[in-house]
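Thanks for passing this one along. Here are a few notes to read beside the model, in the order I would go through them.

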Amino acid sequence: MTTFAVRPGSSRQLAGTGTLLRFALRRDRVMIPVWIAVNALMVLSMPGTLEGLYGTPAERADLIRQMETNSSLRAMVGPVFGDSLGALTAWRVSVYAGALAAVMSLLIVVRHTRDEEESGRQELVASGMVGRRASLTAALLAAVVANGVLALLVTAGLAGQGTTGALALGLGIAAVGMVFATMAAIVAQLTESARLARGLTAAVLGAAFVLRAAGDSATDDGSSVLTRLSPLGWLENLRPYASERWWVLALFAGAVALQGAVAYALAGRRDLGMSFLPTRPGPASGRLGSAGALAWRLQRGGVLGWSIGFFLAGVVYGGMTDGAADLVGDNDNARRIIERMGGQSGLTDAFLASMVGMLGLIAALYIVASVLRLHGEETSGRAEPVLANAVGRVRWAAGHLVIAFGGAALIMLLAGLGFAVGYGRETGPILGACLVQLPAVWVVGGVAVLLHGVLPRAALAAWGIAGAVLLIGWVGPALDVPQVVLDVSPFGHLPKLPGGSMRWGPVLVLTGLAVLLVSGGLAGLRRRDMTT
């Protein structure tokens with residue numbers, strides 16, 4: 001086993017960090033800006049939206065009173081601590097902005113640590129004059145750069161609402177990102193698989209969201225013990241624009257320092273490519289006699305995680321449907337936004353349709369991640385031994401694509417069942433509303449297939465397309481953007497169900513477009529050289 005050129009006791013443990021950092025930022029020159037842009041635009045668009053929704057002191061006071069008694073909505077977005085536009089902005093987006101920063105950070109760290117070791121590239125780097133902890137340091141510094149830029153954008157963009165509150169919110173969001181960056185650094189030392197490292201860190205993020213939601217549903221001031229156990233709960237207890245509690249930043253700093261120290265200690269106690277929780281040696285159990293079976297073995301953990309998440313999200317959204325209708329009440333602006341997202345067939349149906357649409361947008365992220373598993377297998381060199389046998393390229397790719405496109409159908413079906421459990425009625429219409437999202441989800445997946453098959457070096461641009469679709473669907477209705485902009489997204493052409501009329505034309509056109517994109521991608525894959 002190859003070890004690092006610099007010994008543990010050497011003063012050059014960080015040799016080469018600057019070069020590796022520049023290389024990491026260059027490799028992520030698309031991914032990081034997309035994540036930052038989506039997150040920043042979500043935050044910065046909120047003051048204008050909230051001013052239109054709650055423009056008078058009376059409307060804001062009524063919102064606060066309703067949030068105090070509406071535990072289901074507190075579980076989703078947290079309690080309100082002030083009636084200014086800045087405080088309402090922090091209330092509405094801080095939890096989700098922190099979660100997005102966490103996902104961005106864990107992806108960056110795992111990509112430049114465990115992913116590099118798993119692919120074998122780190123072994124080549126380690127053969128040069130590179131310090132033992134240089135790669136880990138560069139990965140964490142890349143996360144610092146990404147979160148720092150996000151914090152600067154949030155602070156500058158919200159400074160008009162109050163500089164102090166803007167600084168608190170920007171630092172809080174970045175701090176959540178760094179907590180999960182250092183957590184991912186620990187998990188990357190414990191596991192041999194980058195996929196497992198991402199999954200375990202994402203599971204911790206999910207647990208943090210659940211803890212905060214459970215705590216906030218029980219209290220209206222963020223004082224629950226469960227809320228305080230979650231980094232997302234720390235963020236809301238920082239209270240930007242509402243008598244900021246600056247001491248909360250010390251919790252973040254302590255967690256980052258402690259987790260970083262553990263990660264560095266673990267990195268110094270293992271050989272390159274090894275882990276503290278090694279993968280069980282073969283022979284593998286079960287059948288791996290086909291490319292499809294191998295693809296399922298590689299992706300089954302991700303499918304399971306997304307399935308559980310979508311079912312639970314459906315239960316939560318279904319349970320808060322009646323409470324959301326009460327919160328909107330007679331607020332014409334809020335009603336108009338929900339109707340733009342979900343149709344004009346009644347407030348309850350419109351809310352259900354908008355939440356189903358949101359899960360459809362998130363399902364687009366799943367299908368891109370699943371399709372790009374092909375890209376990861378190819379660039380890491382693991383596809384070559386498979387294709388060296390009696391396995392054609394199309395057959396190899398088809399195994400992964402069945403899981404990607406079929407998995408999207410599965411998670412949307414489970415989301416519909418979750419809605420039925422949480423809402424308790426309209427099971428059939430809600431299931432239909434979830435499944436009608438699939439053609440748009442498949443179109444996004446088809447674009448990823450086309451990029452991988454025809455332009456493999458640009459395959460990761462599929463994340464940018466998925467991010468743009470998410471941004472249009474999430475922020476567009478709130479900003480009252482023209483319909484022509486909303487129609488850029490395939491989701492803008494779907495019928496608004498439940499409640500609206502079913503229109504088969506757009507559904508069939510989108511399904512046909514997805515078929516053409518996938519066919520074009522597979523044709524390109526058959527003709528081009530394999531990349532490494």
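**Notes on salt bridges and a nonpolar patch**

1. Let me begin with Arg111: its relative accessible area is 16%, so this residue counts as buried. Please keep in mind that the model is a predicted one.

2. What does Arg111 pair with? Its salt-bridge partner is Asp28, and the closest N and O atoms are 2.6 Å apart. Arg111 belongs to helix H6 (residues 85–111) while Asp28 sits in the loop between H1 and helix H2 (31–44), so the bridge ties together parts 83 residues apart in sequence. Asp28 is buried too, with a relative accessible area of 1%.

3. Arg212 and Asp216 are bridged, with 2.6 Å between the closest N and O atoms. Both residues lie in helix H11 (residues 194–218), four residues apart, or about one turn of the helix. Arg212 and Asp216 are both buried. Glu236 joins them in a network of salt bridges. For your bookkeeping, the count for the model comes to seven salt bridges.

4. Now for the surface. Leu304, Ile308, Phe311, Leu312, Leu413, Leu417, Val421 and Leu435 make a nonpolar patch of about 670 Å². Which of them has the largest share? That is H15, with four residues.

5. Leu417, one of the patch residues, is found in helix H21. Its relative accessibility is 34%, so Leu417 counts as partly exposed; the cut-off for joining a patch is over 30%.

6. Finally, how do H21 and H22 meet? The axes of H21 and helix H22 (residues 427–435) come within 8 Å and cross at roughly 150°. Angles over 145 degrees count as roughly antiparallel, so H21 is roughly antiparallel to H22. The crossing of H21 past H22 is right-handed.

Key
Residues numbered from 1 in each chain as written. Predicted model: local features only at pLDDT ≥ 70, side-chain atom pairs only at ≥ 80, totals over all residues. Heavy atoms only, no water. Patch = residues over 30% accessible without salt bridge, like charges linked within 9 Å, V, L, I, M, F, W, Y side chains within 5 Å. Areas by Shrake-Rupley, 256 points an atom, 1.4 Å probe, with all protein chains shown as cover. Salt bridge = Lys/Arg side-chain N within 4 Å of Asp/Glu carboxyl O. Helix = DSSP H or I, 4+ residues; strand = E, 2+ residues; numbered from the N terminus. Buried < 20%, exposed > 50% of the residue type's maximum accessible area, 1.4 Å probe, protein only. Axes fitted to C-alpha atoms, helices over the stretch in contact; angles between N-to-C directions. Parallel < 35°, antiparallel > 145°, perpendicular 65-115°, else oblique. Left-handed = near helix turned anticlockwise from the far one by under 90°.
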